[in-house]
Amino acid sequence: MMPVKRSGLLRLASYNVQKCIGLDLRRLPRRIVGVLDGLQADIVVLQEADKRLPPRPAALPPPVLAAAGWRVADFGPKGSLGWHGNAIIWREGAPLDLIEMDQIPLPGLEPRGAVRAEFDTMQGRVRVIGLHLGLITRDRYEQIRSLAAYCARLPEIPTVWAGDFNEWSRLPALDSHAPSMTFLPPLPSYPAPRPMGPLDRIALGGGLRASGHGVWGGRPARFASDHLPVWADLVLPALLQHEQGIVDAGLRP
C-alpha cells in the first residue's frame, strides 16, 4: 500500500509507461492513469510517453490526462505529450505553478533528450529534470555530465532529476559524474512482474531532501508497463528551516 504523504511534502514520481503498452500487448492509456492515481503524486515525470515514429503522437493522450485531473507541461512538438518521449505532468489542484520549462539535448549515438520544468510551491521554487538515458554505458556517463554542466549554468535552487537512467549496477557508478547531486538508494523497478534492475532512479540537489522513497507495485502497475514507477516524498529547504525553527523554539528554556 502506498504510504500516505505527509502535509507540506511534495511527492514526485517517475514512470516509464512503455507507450502505454502493457505486458498483455494492449495499448490502454486509461490503465496507465490508474497507476498514476495509485501513486498519489503531485508531479510525475514520464518516459516513452509518445509513440516512436514521427510525428511521435502522444501515446498517453492529453485529453485522457485532463479528464483524470492532470496538467501537462507543453514541451511539443504539436501532437506529442513531451520531447524525446519525456513528459512532466502535475496534479490539478496541487499547490504548484509552472513558471519555466526547457528542452535539454543530450549527447550520444542514440537520439536522447531531457526536459526541465520549474515550479513555484508553497515552500519555494523547485526544478524538475525528466530524463531517459542511453543504453550505451559511456553515453550515459557523458549524458550525466552534460546534465550536470547544464544545471551548473542555472541559478542554484532545489533540483530533482528523475527518470529511466538505464543503469543496472547498484554501485554508485553515476554519482561521480554529477557530484552536486545525491542519488537515492537504487531500488529494483524492472521488469515489472519480477523487478531486478534499478533502472528508474531519483537524484536530489540544491538542499532538497527525501523523507521516503520507494517503488510502487500495486495493481495495475505489475502489468500496465514493463517498468514499475518510483517515487519520493521531497522536503524543500524552506520546510526544513521551518521545522528546525519549531524544534529550536521548543528547546529554549
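What follows covers the fold as a whole, then the pockets and the cavity.

This is a predicted model, in which local features need pLDDT of at least 70, side-chain atom pairs count only at pLDDT 80 or more, and totals for chains, interfaces and linings use all residues. Residues are numbered from 1 along each chain as its sequence is written, and side-chain values use heavy atoms, with hydrogens and water left out.

**The chain as a whole**

The protein chain has 5 helices and 12 strands (DSSP runs numbered from the N terminus: helices are H or I with at least four residues, strands are E with at least two). Its radius of gyration is 18 Å, close to the 18 Å that the globule rule gives for 253 residues, so the chain is as compact as a globular protein of that length (taken over C-alpha atoms; the rule is 2.2 Å times the number of residues to the power 0.38). The C-alpha trace spans about 65 × 40 × 35 Å along its principal axes. Of the 253 residues, 52% are buried, meaning under 20% relative accessible area with a 1.4 Å probe, protein chains only.

**Empty spaces**

Rolling a probe the size of a water molecule over the atoms shows where empty space is left. On a 1 Å grid over the protein atoms alone, a cavity is a set of points where a 1.4 Å probe fits but cannot get out, while a pocket is an open set with protein on both sides within 12 Å along at least five of seven lines; lining residues have an atom within 4 Å of a point. Grid points are joined across faces, edges and corners, and a volume is the space filled by probe spheres set on the points.

| Space | Volume | Lining by class |
|---|---|---|
| Largest pocket | about 390 Å³ | 3 nonpolar, 8 polar, 8 charged |
| Second largest pocket | about 180 Å³ | 7 nonpolar, 4 polar, 2 charged |
| Largest cavity | about 80 Å³ | 8 nonpolar, 2 polar, 2 charged |

Here Ala, Val, Leu, Ile, Met, Phe, Trp, Tyr, Cys and Pro count as nonpolar, Asp, Glu, Lys and Arg as charged, and the others, Gly among them, as polar.

The largest pocket is lined by 19 residues, with E48, R52, R56, R112 and H132 nearest its centre. For the second largest pocket, the lining holds 13 residues, and C151, A152, E156, T159 and S180 are the closest to its centre.

The whole structure has 1 cavity of 30 Å³ or more. Its lining includes L184, P185, D200, H213 and W231, and strand 10 (200–205), strand 11 (209–215) and strand 12 (230–235) each give two or more residues to it.

Technical notes:
Buried < 20%, exposed > 50% of the residue type's maximum accessible area, 1.4 Å probe, protein only.
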